[in-house]
Amino acid sequence: MLRSAGSEQAQAFSVLAHRFACSVTGEIMSTREKGSRGDVGRRDFLKLFGAAGAAASTLPLGGSASADEIMAAAATDTKHHHTAAELHAGGPGYEFFNVDESAFVEAAVDTLIPSDATGPGARELGVATYIDRQMAGGYGKGDRLYLEGPFGEGTPEQGYQLPMTPSELIRAGIADVNAVVQKSHKSSFAALSAKDRAAVMADLDGKKTELPTVPTATFFGLLLQLTIEGYFADPMYGGNKDAAAWKMIGFPGADAMYTDKIEPFRNKPYKAEPKGIQDLI
């Protein structure tokens, strides 16, 4: 008997994540695929996604942070802000990934959510740092995951079915993709051109690439989920730098007290600077 999945919210997030890669990130879709499946405007989708899920993203979807961990993160947040050069060099901004892994993650998130006329890309907003913190923390270590058998190939509705923790899966998946790319392109994933990186991601998404040690769909699904989480999560978790993603979709952040704004702004747009958890402490 396979283990059951988590909440309906997690399932819905997975569906949104897949649609984000297939319908929004134009670099991952071929022209023919766009014509056959319909092209969804990135801004329209982000607004839709933000309305449905950004509020939940004030905390990581799969996170297990305690109140003490949240306060500690708030108190030490400044030590995690480093230049792109420092991060790429494996500087103190990364707690889990080594130099090669951090280069892969930076390139991957930049491919999944690139910068364009709509808004900043995932790399610019520190999404790689968000993923690194998740892998270094309780979520990455599987603190709240059932990791006992039996292990079998389940349906998407049955959730995670591997004996590996999320951090083990991500680390093994990165090594697998780099090995495949080394064989096909004589290069690492991070060193590929943007076009070639997009092609590699498209093959992962379409299950055209079989990874040596981990299920392709599971690895790509988790990588994409973490990328979207980091893009929309509260800035205190490392991504969504300066709340730029919230500003882009018009999400006001963690502050939920708006009763005094109802009458003054009835039938009028309400615009305000987003507030994160740190702003309310």
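Glu 263 counts as exposed, at 55% relative accessibility. Keep in mind that this is a predicted model.

**Salt bridges**

- Arg 266 is partly exposed, with 45% relative accessibility.
- Arg 123 pairs with Glu 106, and their closest N and O atoms are 3.0 Å apart.
- Because Arg 123 sits in the loop between H6 and helix H7 (127-136) while Glu 106 belongs to helix H6, this pair ties together parts 17 residues apart in sequence.
- Glu 106 is buried at 3% relative accessible area, whereas Arg 123 is partly exposed at 36%.
- Asp 110 forms a salt bridge with Arg 197, with 3.6 Å between the closest N and O atoms.
- Asp 110 is in helix H6 and Arg 197 in helix H9 (residues 194-205), so here the parts tied together are 87 residues apart in sequence.
- Arg 197 is buried at 11% relative accessible area, and Asp 110 is partly exposed at 25%.

**Helix packing**

- The axes of helix H6 (residues 99-112) and helix H10 (residues 216-232) come within 10 Å and cross at roughly 75°, so the two helices are roughly perpendicular to each other.
- On the H6 side, Phe 104, Ala 108, Val 109 and Leu 112 make the contact; they meet Phe 219, Phe 220, Leu 223, Leu 224 and Thr 227 of H10.
- The residues of this contact comprise eight nonpolar, one polar and no charged.

Note on methods: Residues are numbered from 1 along each chain as its sequence is written. This is a predicted model: local features need pLDDT of at least 70, side-chain atom pairs count only at pLDDT 80 or more; totals for chains, interfaces and linings use all residues. Side-chain values use heavy atoms; hydrogens and water are left out. Axes are lines fitted to C-alpha atoms, for helices over the stretch in contact, and angles run from 0 to 180 degrees between N-to-C directions. Helices (H or I, at least four residues) and strands (E, at least two) are DSSP runs, numbered from the N terminus. Angles under 35 degrees count as roughly parallel, over 145 as roughly antiparallel, 65 to 115 as roughly perpendicular and the rest as oblique. Contact means heavy atoms within 4.5 Å. Ala, Val, Leu, Ile, Met, Phe, Trp, Tyr, Cys and Pro count as nonpolar, Asp, Glu, Lys and Arg as charged, and the others, Gly among them, as polar. A salt bridge is a side-chain nitrogen of Lys or Arg within 4 Å of a carboxyl oxygen of Asp or Glu. Buried means under 20% relative accessible area, exposed over 50%, partly exposed in between (1.4 Å probe, protein chains only).
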